[in-house]
Amino acid sequence: MTTIYNPAMAFDPVVSLRIINNERLRNAQGWAEHRDLGGVLAMTSDAPIPDLNCLEAFNTTEAKLEGLLDIGFALLRAFDCDPAAQLTPLDRPKSVAKHLERRGLRATDRWHTMVFRGDVASIPVNPTIDVRRVEPDDVPLFVSLHAGGEKWVRRLSMSSTLAAINEPGNSFYLAYVEGQPVATTHLLVDGATAGIYAVGTQKAHRRQGIATTLLAAALRDAQAAGCDVIGLRTLAGSDAERLYRRHGFELAHESRLYETPTA
């Protein structure tokens, strides 16, 4: 398939924003809620992690920034969350990180948002893997695989999947090996942008090409839907990132999570 992307191209804010907006749409389907504070978004969730309870999407001036941080962090504290912020190259002003550091926050996790610039036909698939679309009756099965043993993940995964499965643009997948479900993926198509989420394989079935086979199925469906931007987010330097790079994904941008240090 011919691609509109140059693999050597520099940071493209339009592409990054499209992927970020897709992720926000996914979060709004049961994972988190965003509040517009007039220059920054405050994201809150029932999840006990800073990634879903933080300030993001700064778009303000130097003069207004400190006031917005006061308001945003007060809101997070009202939800029993410590101050946290997620920064990308899209944030303005560029001094946000310095302001956070002066308040005692420190950069922790590095996340890579990636965009597909490859050829899905070149991705090797395992023909023994049975890829099936998730139907409403399959939701508990999908959730049990996606959430693992984490109760809060199970709770939010259930609410999100139930909210999204009958909404246009959402496709949930299960991969079966010898009749047993072992892996999950979620594709969210919004216009010409697609996001890939909930990629996971049971530990005993890893390194068999299962995640790659699911990935190829999601990519084919996204392209068939007319998407020219297909993105995902993964922990920087992880095995998952190396897998995605092998199969045609490239870095769109890096985000950094700033948290309040724990004692």
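Biologist: Which residues point one way from β7, and which the other way?

Modeller: Asn170, Phe172, Leu174 and Tyr176 point one way from β7, while Ser171, Tyr173, Ala175 and Val177 point the other way. All of them are buried, and buried here means under 20% relative accessible area, with exposed over 50% and partly exposed in between (1.4 Å probe, protein chains only). Before we go on, this is a predicted model, where local features need pLDDT of at least 70, side-chain atom pairs count only at pLDDT 80 or more, and totals for chains, interfaces and linings use all residues. Residues are numbered from 1 along each chain as its sequence is written, and side-chain values use heavy atoms, leaving out hydrogens and water.

Biologist: OK. And how do you decide what gets called a strand or a helix?

Modeller: They are DSSP runs, numbered from the N terminus: helices are H or I with at least four residues, strands are E with at least two.

Biologist: Which strands does β7 pair with?

Modeller: β6 (residues 130–133) pairs with β7 in the antiparallel sense over 4 bridges, and β8 (residues 180–190) also pairs with β7 in the antiparallel sense, over 8 bridges. Two strands pair if DSSP finds at least two bridges between them. Tyrosine 176 is a handy landmark: its bridge partner is aspartate 130, and it stands opposite proline 181 in β8.

Biologist: What about the turn between β7 and β8, how many residues is that?

Modeller: The two strands form a hairpin with 2 residues between them. Glutamate 178 sits in that turn with a positive phi of about 50°, and it is a residue other than glycine.

Biologist: Is glutamate 178 buried or exposed?

Modeller: Glutamate 178 counts as exposed, at 79% relative accessibility. Arginine 207 also has a positive phi, about 65°, although it is not a glycine. Arginine 207 lies in the loop between β9 and α6 and is exposed, with a relative accessible area of 81%.

Biologist: Switching topic: which residues touch the most others in the largest nonpolar core?

Modeller: Leu187, Ile196, Leu219, Ile230 and Phe249, out of 27 residues in that core. A nonpolar core is a set of buried Ala, Val, Leu, Ile, Met, Phe, Trp, Tyr and Cys residues joined through side-chain atoms within 4.5 Å.

Biologist: Which element gives the most to it?

Modeller: That would be α6, with 7 residues. Apart from this core lies another one of 24 residues, including Cys54 and Tyr197.

Biologist: Why call α6 enclosed?

Modeller: Because 11 of its 15 residues are buried, α6 is largely enclosed by the rest of the structure. Among the buried ones are Ile210, Leu214, Leu215 and Gln223.

Biologist: One more area. What does histidine 99 touch?

Modeller: Histidine 99 touches Glu62, Leu65, Glu66 and Leu69, not counting residues up to four places away in sequence; contact means heavy atoms within 4.5 Å. Histidine 99 lies in helix α3 (residues 96–102) and is buried, with a relative accessible area of 5%.

Biologist: And where's the cis peptide bond?

Modeller: It joins arginine 92 and proline 93, with omega about 0°. Proline 93 lies in the loop between β4 (84–87) and α3.
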